[in-house]
4 protein chains.
Amino acid sequence: MNREQGYKGTDSTGFSRDADVHAQSYINKDGSFNVYKKGQVKLLKDLYQYMLMVGPMRFLGIILIYFLCVNFMYGTAYYMMGMDNFTIPSTGEEMSDFFNCVFFSFQTFSTLGYGHISPITMIANVVSVFEMFTGMVSLALLAGLVYARFSRPNTRLLFSNNFLVTPHRGKDSLQFRFVNKRKTVLNDVHVRVMVAFTESKDGKLFREFHRLQLQMDNIMFFPLTWTTVHLIDEKSIFYGMTPEEIEAKSPEILIRVRAFSEQFNQHIHANFSYSYDEWIWNAKFEKAFELLPEGKFFIDIHDVHNYVTLPKFDYSEGLSRRARS
Amino acid sequence: MNREQGYKGTDSTGFSRDADVHAQSYINKDGSFNVYKKGQVKLLKDLYQYMLMVGPMRFLGIILIYFLCVNFMYGTAYYMMGMDNFTIPSTGEEMSDFFNCVFFSFQTFSTLGYGHISPITMIANVVSVFEMFTGMVSLALLAGLVYARFSRPNTRLLFSNNFLVTPHRGKDSLQFRFVNKRKTVLNDVHVRVMVAFTESKDGKLFREFHRLQLQMDNIMFFPLTWTTVHLIDEKSIFYGMTPEEIEAKSPEILIRVRAFSEQFNQHIHANFSYSYDEWIWNAKFEKAFELLPEGKFFIDIHDVHNYVTLPKFDYSEGLSRRARS
Amino acid sequence: MNREQGYKGTDSTGFSRDADVHAQSYINKDGSFNVYKKGQVKLLKDLYQYMLMVGPMRFLGIILIYFLCVNFMYGTAYYMMGMDNFTIPSTGEEMSDFFNCVFFSFQTFSTLGYGHISPITMIANVVSVFEMFTGMVSLALLAGLVYARFSRPNTRLLFSNNFLVTPHRGKDSLQFRFVNKRKTVLNDVHVRVMVAFTESKDGKLFREFHRLQLQMDNIMFFPLTWTTVHLIDEKSIFYGMTPEEIEAKSPEILIRVRAFSEQFNQHIHANFSYSYDEWIWNAKFEKAFELLPEGKFFIDIHDVHNYVTLPKFDYSEGLSRRARS
Amino acid sequence: MNREQGYKGTDSTGFSRDADVHAQSYINKDGSFNVYKKGQVKLLKDLYQYMLMVGPMRFLGIILIYFLCVNFMYGTAYYMMGMDNFTIPSTGEEMSDFFNCVFFSFQTFSTLGYGHISPITMIANVVSVFEMFTGMVSLALLAGLVYARFSRPNTRLLFSNNFLVTPHRGKDSLQFRFVNKRKTVLNDVHVRVMVAFTESKDGKLFREFHRLQLQMDNIMFFPLTWTTVHLIDEKSIFYGMTPEEIEAKSPEILIRVRAFSEQFNQHIHANFSYSYDEWIWNAKFEKAFELLPEGKFFIDIHDVHNYVTLPKFDYSEGLSRRARS
């Protein structure tokens, strides 16, 4: 059973509730956490993680640099043995001999083996055996990396720039909106939302976390946009709060979305957060899609940010205290 | 908690409820959405997605075209350097020299390296090094693509052509049926069904979504067919509706199936929809399988469509209002 | 919500409830279904499935046969061109020339390319280019197949040979037991059990399905054995049934187990079934493990079958009707 | 439905409740079980499992040994045929000829094929064909192994050395703490905790298992540490127990954690246990992280063990019986 709802005062959220220094935010705009860790174990897998995350051009670049470095190393080793170890005679020029060795190295590493240069002595053969081994292992590593990069779902959600206070069913509500930035189809989307308050008690600052109940926290299909709505009713932590009271608590809205990616046949996850700077009072989202004459829906994903401000409204009685039309 | 049941009037289903223009349907017959998106980010991964989706012959064809193009490119580069850069002398014929270069390129790209043609100058060697690199990376990409295609569950469900209104337990019910088209075994099947109505309010058309409760929404084993039944009792949105009222709302039945594929050890998903054209009033599905004398079940999957029409019945009082035998 | 419990009379279990002919059983002892399907689409993926399922020696054998066949085919093609197309002169002997072509083919397919035989004409070069392509694609396919075989969890559960009627807490209970046959660690095990009855109504035979509630249907850790217990209380379908009544319904116990494999980081599933022949009345399982003096548990997995028969007991009043000691 | 809570006296936990000999513990400190199994089927997949588990240097070492062994075997076979089978003439020296054969083997296995040594007879060609096959299959196996190693989530949790009895909300509570040792991000963490008691009944020792309810058993985000709290209220099995009573039952705390690894897009699991030696009475965990002036959180993961002992307290009335301040 999930007991996250409404807890406060414990540090079990994974975030600290002490707040002597004012943290910028818990979740950065790219979904990562605002945390430094010490004492973590460094591992080859961190390098692997890095190779998964870098952009495709940088990935190819790193692979190419590795390919060149390894082969220059082996090439240097062959050159230091002397040209007597190979079927090709010395050209008499140092540079030329060196490059012949380097090219022989590339031909060995890639298991190409034209054969116009071949090793004839014991030592040259032994080193070339290790180079073949290095080449085969490198190819296997490369194939593994490439597949791992391919199979990672790359779905990105685009969240609205702003977090709106919108009239809804005669009350106030808090709303944000998001859309799928990729062509991949997402379905069966689940959203969880929390708010982190920074409150002062006895001159010390404390953090408090509250789960925000949503009107709907799961949708079956997600072809267009989803406007997530927290209705401010009597059970909401925001019920009756004035804008000043809310600002004083410097709220951070913490969002976690899970969706099923049809193409990757995997669940994908996204984290996002809104600081108080991004709240817009008394506004509502504009429709972000239209129905084309031929019966298809059309959506420009950047319209997810669009909202219209509503006529001025007096919130001084507190949220949802004064009936809205 | 899932709060999808019975909501209406919000655009949070991911589908629009505005319907000034009459949309053909939300879900196309192949399970995709009837939506155009603008502003999406184009990515290498979209190419990857394409390579996952194309048929096997087209896949092989694209790979072959890539293989030929890359090698003609490198071959042209070698030819432009001149034959002096290689161990093989010029034949004196341009075409012949050009093809020697192209074949050398293939031998380099595939890391074959017969060696009767080999690079002897700096420039030829350098270009061949890059071609080796291209070859190794291409092989790794190919291995990744092939595995990704293999590991995608290819399960397809065959849904009955029609959506039936069938008497059931003295009431009316809505039924459809599906079967597994593949040899792979599916178990632990879950079904969710919604109906989308297009209704007129104040001269404007609106969409409304309702979840349909099923008699059973999960089965442990799925060796044969599954007839999914929505019983029209007092809680059903269809209770008391006449055929005319239903047609006026142009209902679209939206279906999402999740099943566990034993061979792929993954969950697979399928979306399907029925428009009102596909409704059959007062009919029931025929048995789609039989028990062979040797004690095995036999099923012809195309029999999933078969139904028999029942004696004429008067629905003018509304669904489930008049007792059925 | 799962509404499988207690349903009867519908064909929505995926199994037929008509039983004019007496089916052997629904689930075979290897966990597969006793079903023939017609009209299924044949696919390359079925070949892929086959290559995943065959034993390792047969797998290697098929790969080897493919390797030999493809190369003899290309070798024959080269031979039919004539030896003038290659750097090696004809030996004058047909057989010898033919095998030179075949070996050249192997050297090309594997991208080995010793080079003492090389293609020198257009046609020989073009065919060798296609053979390189075949070789690279085959290697990629092989790598994909090998990885797919590796990554399939191979966990097998060993179920007790018999299904016992055992006194439990003053009542009767139905019990079976299973153990993990592999070294891989399984945790978080879930079990679901149904019984299929074959009953006669108006001279026709019908199937009926009932879910059996278990004392415990989930365990956190599964290091030893798990004895699954269905207590026959007033809510059980078996309550008050005599052995004769049960036999007349020829019950088939259908079992589905899901467990989490720690090494494969995947859920694994197993299906099993017991026919009435395998019931043992009034017996209980023997302990299948012991605690070694050094404080380790010891288990012989074949002891999972062991049970002891209890003193004769009169079940004629019906199961759980007479108090047990 | 999970019915693990509060059961006792059955052996269905997977662990034995008989305890004539005193077992050290159920779960070892590395998360494995304290169990020997007999009769398990040995499989090639166990070798595969081993290759997944060994450290990276040992992995490379085993691959290298395999590479050397296979090639020396084939090299010996070529040498036994005699040098007449190859394009290179005998050197007259046995050792030299032998190594030429071995190096030829390496050039064939890796599909390098320099070509200065090539097979010219039937038998040499046939053996080299099998070596090519061995080489291609080995490369595919290597690629599969490498990818399987890569894609295994390597997340490790660091649990506090001690299990604390800590005052909490005027009562007593049981607490432990853990942190993510890796750079990978974990979210959506679920914890389940059980206690295993060893109790004496009629001179025989029995095991009893109880689920411990947690104040929170799921957190959305896990950037820092999580202190898991079992509050000892009236419903707790520990309510009113004195330290002596608890020690007499030699409790083992069994813990299972599931978390979602964002980088690997997979759930990871961890098992842990505390014996009574590791209990600390009347202490509380020290804060393990701080907020840096620039607004980032800082955590040294080894601080997860740190606690402070509280002023002496008299537990003789039993846990949570005397109000705490």
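In the predicted model, helices H2(C) and H4(D) cross in a right-handed sense. The two helices, residues 56–81 of chain C and residues 122–151 of chain D, pack with their axes 11 Å apart and at an angle of about 125 degrees. On the H2(C) side the contact is formed by Leu60(C), Ile63(C), Leu64(C), Phe67(C) and Leu68(C), and on the H4(D) side by Val129(D), Phe130(D), Met132(D), Phe133(D), Met136(D) and Val137(D). By residue class, this contact comprises 11 nonpolar residues, with no polar and no charged ones.

Helix H3 of chain B, residues 94–109, packs against helix H4 of its own chain and against H4(C). For the pairing with H4(C), which spans residues 122–151 of chain C, the axes lie 10 Å apart at an angle of about 20 degrees. This angle falls under 35 degrees, so H3(B) is roughly parallel to H4(C). The crossing of H3(B) with H4(C) is left-handed. H3(B) contributes Phe99(B), Phe103(B), Phe106(B), Gln107(B) and Phe109(B), while Met122(C), Asn125(C), Val126(C), Val129(C), Met132(C) and Met136(C) are supplied by H4(C). These residues are classed as 9 nonpolar and 2 polar, with no charged residue.

Within chain B, the axes of H3(B) and H4(B), the latter covering residues 122–151, come within 8 Å and cross at roughly 55 degrees. H3(B) is accordingly oblique to H4(B). Phe104(B), Ser105(B), Thr108(B) and Phe109(B) of H3(B) meet Ser128(B), Glu131(B), Met132(B), Thr134(B), Gly135(B) and Ser138(B) of H4(B). The make-up of the contact between H3(B) and H4(B) is 3 nonpolar, 6 polar and 1 charged. Phe109(B) is listed in this contact and also in that of H3(B) with H4(C).

Chain A contains 5 helices and 15 strands. Of its 325 residues, 62% are buried. When contacts in chain A between residues at least 6 apart in sequence are considered, 69% of them link residues at least 24 apart.

Asn218(A) belongs to strand S7 of chain A, residues 218–221. Its relative accessible area is 2%, and because the limit for burial is under 20%, Asn218(A) is classed as buried. The side chain of Asn218(A) makes a polar contact of 3.1 Å with that of Asp188(A). A polar atom of the Asn218(A) side chain also lies 3.1 Å from the backbone oxygen of Val189(A).

In chain B, His190(B) is part of strand S5, residues 186–201. A relative accessibility of 28% places His190(B) in the partly exposed class. Leaving aside residues up to four places away in sequence, His190(B) touches Asp217(B), Asn218(B), Arg256(B), Val257(B) and Arg258(B). One of these residues, Asn218(B), is joined to His190(B) by a side-chain polar contact of 3.2 Å. The C-alpha atom of His190(B) is separated by 6.9 Å from that of Ile219(B), which is 29 residues away along the chain.

Definitions and conventions
Residues are numbered from 1 along each chain as its sequence is written. Chains are lettered from A and ligands numbered from 1 in the order in which they are written. This is a predicted model: local features need pLDDT of at least 70, side-chain atom pairs count only at pLDDT 80 or more; totals for chains, interfaces and linings use all residues. Side-chain values use heavy atoms; hydrogens and water are left out. Axes are lines fitted to C-alpha atoms, for helices over the stretch in contact, and angles run from 0 to 180 degrees between N-to-C directions. Helices (H or I, at least four residues) and strands (E, at least two) are DSSP runs, numbered from the N terminus. Angles under 35 degrees count as roughly parallel, over 145 as roughly antiparallel, 65 to 115 as roughly perpendicular and the rest as oblique. Contact means heavy atoms within 4.5 Å. Ala, Val, Leu, Ile, Met, Phe, Trp, Tyr, Cys and Pro count as nonpolar, Asp, Glu, Lys and Arg as charged, and the others, Gly among them, as polar. A crossing is left-handed if the near helix is turned anticlockwise from the far one by less than a right angle, and right-handed if clockwise. Buried means under 20% relative accessible area, exposed over 50%, partly exposed in between (1.4 Å probe, protein chains only). A polar contact is a pair of N or O atoms within 3.5 Å; within protein, one must be able to donate a hydrogen and the other to accept it, and residues adjacent in sequence count only if both atoms are side-chain atoms.
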